[in-house]
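Dear colleague,

I am handing over the structure below, and my notes on what was found in it follow directly after.

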Amino acid sequence: MQKTKTVIIIVGPTASGKTELSLELAAHFNTDIISADSRQCYRELNIGVAKPAPEALQSIKHYFIDSHSIHDDVNAQSFEDYALNAASEIFKKKDTAIMVGGTGLYIKAFCEGLDDIPAVDVAVRRSIVDSYNKNGLNWLQNEVREKDPAFFLLGEHKNPQRLMRALEVMISAGRSISSFRTSQKKARPFRTIKLGIHLSKEKLVSNIDGRVDAMIAAGLVNEVRMMVPYRNLNALQTVGYNEVFSFLDGEISLEQAINRIRSNTRQYAKRQLTWFKKDQSIIWIDCTSLTKRDTVAAAVMAVSNSG
C-alpha cells in the first residue's frame, strides 16, 4: 500500500445518518465499506444493533458485519488487526476505502494503533459481567473507583463497557489499563480523512426516538427473547438488549423499557459526541437541514479539499 491510498472515515452519534452516507460514498467511489461498530459484527444480533438493510449488504461489500459470533472475544485490538487486513484487501483493487461507525475507540485503534494489553482471563471477564448484571452500574463504578482510581479519574463513569474493561485488566494484569497508554501513534501506509455528521439536538433526538420505535415494530422483543440464554455474554451488554431483558424479567413494563432505550441511547449519543469532538482532525458537516443529495455533495467536496 502507498500513501496515495485513502480511507474515508464517517463518524458521528448513533442515528445521525452515518450508514446512509457511507453507502452513498461507497457507490460514488466504487469501493467497499469497513464497519467500525462494536456490535454489528455479531451475526446473532440484527434489529437491536441497526445493521444496514440486507439489500445494502448485498449491493456493497461490508467488512466487520456478521463477521463474528457473540461467543467470540472482540475488542479494539482485534478490530485493529481485522480492519487493517480489510483495508489492505480493498486497496489491492481500489484507491479508496470507506469506514463508518460510532465506536470511537475502534476508529482510534485503526488510525493510531493501541498499546499492547495482556490477555484477560475469561473467568475474570465472566465474573465481572455477572456481577454487573446482578448489581448494576453503581456497583461497577464503585469497584473501578476502588481498584483502579487512575482510570476512574479519566471520567469514564457512565460507560459500562469501558468500566468493565478497566476492571478486568486491573484484576488480570495487576495494573491500571491507563498505564498501558503510551500515546505513541503508529504509522499507517495510507491517509485517513474523517468526516463527522452533525445534527441539531432536536433532530438527533427525533431520529433516535424514531429508530427505537422502528426496532420495536420490527420485532426487537422477540430478538432479545432468543438471546436470554446468552444474556451474560459481553456482546449482549448493550443498549436495547439490557432494557428488554428487564422487561422480560418482569421488572418493568414494555413502555418503561422503550423509554429507557430512548433515554440510554441519547446518553450514548452524547458520549459519542464528547469523544469525537476531541478529535481536531474531523471535518464536520452540518446535516440538520441538508437533503441526502446535499449531504453527499458536501462530503465529496470535503474529501476533495483534503486531497
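The buried residues of α12 pack against β1 (6-11), α1 (18-29), β5 (191-198) and β6 (282-286), where contact means heavy atoms within 4.5 Å, and buried means under 20% relative accessible area, exposed over 50% and partly exposed in between (1.4 Å probe, protein chains only). Helices (H or I, at least four residues) and strands (E, at least two) are DSSP runs, numbered from the N terminus.

This is a predicted model, in which local features need pLDDT of at least 70 and side-chain atom pairs count only at pLDDT 80 or more, while totals for chains, interfaces and linings use all residues. Residues are numbered from 1 along each chain as its sequence is written, and side-chain values use heavy atoms, with hydrogens and water left out.

The buried residues of α12 are T295, V296, A299, V300, A302 and V303. They lie on the same side of α12, because they cover an arc of only 155° around the axis, the arc being that of the directions from the helix axis to the C-beta atoms. On the face turned away from that buried side, α12 carries the exposed residues R293, S304 and N305.

Elsewhere, E168 belongs to helix α7 (residues 160-173) and is buried, with a relative accessible area of 6%. Its side chain is joined to that of R125 by a polar contact of 3.0 Å (a pair of N or O atoms within 3.5 Å; within protein, one must be able to donate a hydrogen and the other to accept it, and residues adjacent in sequence count only if both atoms are side-chain atoms).

Best regards
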